[in-house]
Amino acid sequence: MSRAYGSSATLLLKRETTYGTSPSGNFIQMPFNSVSLGSEQGLIDDPVLGQGRDPLAPLQDVINDEGDIMVPMDPRYLGLWLTGLLGDPTSTDNLDGTFDHVFVSGVDALPSYSLEVGMSQVPAFFMHAGVVLNSIALDFQRSGAAAATINAIAQGETRNGTSQGGTPSTLAFNRISQFQGSIKKAGTAVANLTSGSLTYSNNLEKIETIRSDGMIDGADPTVASLSGRIDVRFADTTMIDAATSGTPVDLEFGYTVGTSSVMFAAHEVYLPKPKLAVEGPGGIQASFDFQGAKNDAVGRMLTVTLVNDLDGTGYL
């Protein structure tokens with residue numbers, strides 16, 4: 001008897017034309033580190049009395065299909081996830097073999113996708129339809145493999161005995177390491193930086209209408225949010241002065257590998273005044289849990305610029 005292993009699992013993705021309707025044709029096979037997207041249907045205790053002390057059979061509850069997908073940072077595949085999070089990019093040919101793909105926060109409508117998690121040994125292939133991407137979380141460290149955690153909400157899941165993804169296509173894979181990352185303030189690298197994080201969320205609201213199949217009608221974006229944290233060794237008061245005065249700063253989180261890069265530009269960030277604790281003879285650290293806001297001059301809260309060698313048509 002074959003058993004399912006993560007080493008043989010597959011993740012296929014394709015954009016939907018109609019929300020909740022899985023498209024036909026060939027999907028794209030996506031690299032991933034882990035996936036917890038899955039359908040759950042709980043049980044409800046039967047409240048009926050008068051049938052003795054032993055309980056009656058429980059009732060089935062509504063269906064919830066959501067979870068996280070951890071993906072490696074890659075300058076080509078990342079454009080697909082960013083399109084789901086922020087909408088279609090504006091792509092520009094740099095005439096040097098590279099293209100700029102600019103994504104902006106605040107768009108009114110987001111695309112939906114069908115996503116298949118395949119376990120060929122069983123075999124079982126779980127097709128999630130109506131997948132809308134809720135958030136992306138990045139962690140910046142000195143070493144390690146760079147990755148992003150994507151939170152997704154789907155309408156429902158169907159299990160099939162064979163893959164529904166056709167003949168999947170792939171992109172050239174270019175892995176990014178943490179040491180290739182940077183965090184900048186006003187265009188200059190933040191001094192004495194030890195770690196950082198960034199989370200952008202669409203704060204999706206599930207449309208939980210009454211349906212005979214127990215699924216949702218959709219997931220719509222509400223007020224977006226941008227938050228994160230930067231940890232620095234306490235060497236000067238520049239960041240603390242900005243936090244104390246309430247003066248917003250601009251921060252840029254990004255990775256560069258060769259001629260490719262991705263930059264998350266937070267145009268207006270507010271820093272809280274941190275408490276500095278002396279906890280021993282080692283270096284003193286200051287941590288800033290920041291929040292982003294819309295910058296009136298730019299007209300948005302976040303701009304993501306992805307540079308790679310794709311013309312962008314595959315993201316639409």
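Let's start with Leu306: at 0% relative accessibility, this residue counts as buried. Leu306 sits in strand β21, which covers residues 302-308. What you're looking at is a predicted model, with two helices and 21 strands in the protein chain. Below is a quick tour, starting with the overall picture and then stopping at a few residues.

**The big picture**

- Of the 316 residues in the protein chain, 41% are buried.
- Taken along the principal axes, the C-alpha atoms fill a box of roughly 70 × 55 × 45 Å.
- Take the contacts with a separation of 6 or more: 70% of them are between residues 24 or more positions apart.
- Among the elements, strand β7 (residues 99-104) has the highest mean pLDDT, at 98, while helix α2 (residues 238-245) has the lowest, at 69.

**The nonpolar cores**

- The largest nonpolar core holds 58 residues, and those with the most contacts inside it are Met73, Trp81, Leu82, Leu115, Phe253, Val262 and Phe264.
- Helix α1 (residues 78-86) gives this core its largest share, six residues.
- Apart from that core there's another one, made of six residues, including Leu110, Val132, Leu204 and Ile216.
- As a bit of background, nonpolar side chains tend to be buried together in soluble globular proteins.
- Val262 touches Met73, Leu82 and Phe253, among others, leaving out residues up to four places away in sequence.
- The contacts of Val262 also include Val304, Thr305 and Leu306.

**Helix α1**

- Nine of the nine residues of α1 are buried, so this helix is largely enclosed by the rest of the structure.
- Among those buried residues are Leu78, Gly79, Trp81, Thr83 and Leu86.

- Not counting residues up to four places away in sequence, Leu306 touches several residues, including Leu78, Gly79 and Leu82, which are among the buried residues of α1.
- Other residues that Leu306 touches include Phe99, Asp100, His101 and Phe103.
- Ser261, Val262 and Tyr315 are also among the contacts of Leu306.
- Leu306 and Glu252 are 54 residues apart in sequence, and their C-alpha atoms are 13 Å apart in space.

- Asp65 belongs to strand β5, residues 59-72.
- Asp65 does have a polar contact with His128, side chain to side chain, at 2.9 Å.
- A polar atom of the Asp65 side chain also lies 3.5 Å from the backbone nitrogen of Ser39.
- Leaving out residues up to four places away in sequence, Asp65 touches Leu37, Gly38, Ile153, Ala154 and Glu157, among others.

**Asn202, in a loop**

- You'll find Asn202 in the loop between β14 (193-201) and β15 (205-206).
- Is Asn202 buried or exposed? It counts as buried, because its relative accessibility is 4%.
- The side chains of Asn202 and Tyr200 make a polar contact, at 3.2 Å.
- Neighbours within four places in sequence aside, Asn202 is in contact with Leu85, Leu110, Leu133, Asn134, Pro221, Thr222 and Val223.

- Ser212 lies in the loop between β15 and β16 (219-220), and its relative accessible area of 86% makes it exposed.
- Ser212 and Val62 are 150 residues apart along the chain, with 9.4 Å between their C-alpha atoms.
- Leu95, in the loop between β6 (90-93) and β7, has a positive phi near 60 degrees even though this residue isn't a glycine.
- Leu95 is exposed, with a relative accessible area of 76%.
- Ala186 isn't a glycine either, and has a positive phi of about 55 degrees.
- Ala186 sits in the loop between β12 (181-185) and β13 (188-189) and counts as exposed at 52% relative accessibility.
- Where's the cis peptide bond that involves Pro123? It joins Val122 and Pro123, with omega at about -5 degrees.
- Pro123 is in the loop between β8 (113-119) and β9 (124-140).

Notes
Residues are numbered from 1 along each chain as its sequence is written. This is a predicted model: local features need pLDDT of at least 70, side-chain atom pairs count only at pLDDT 80 or more; totals for chains, interfaces and linings use all residues. Side-chain values use heavy atoms; hydrogens and water are left out. A nonpolar core is a set of buried Ala, Val, Leu, Ile, Met, Phe, Trp, Tyr and Cys residues joined through side-chain atoms within 4.5 Å. Buried means under 20% relative accessible area, exposed over 50%, partly exposed in between (1.4 Å probe, protein chains only). Helices (H or I, at least four residues) and strands (E, at least two) are DSSP runs, numbered from the N terminus. Contact means heavy atoms within 4.5 Å. A polar contact is a pair of N or O atoms within 3.5 Å; within protein, one must be able to donate a hydrogen and the other to accept it, and residues adjacent in sequence count only if both atoms are side-chain atoms. pLDDT is the predictor's confidence in each residue, from 0 to 100.
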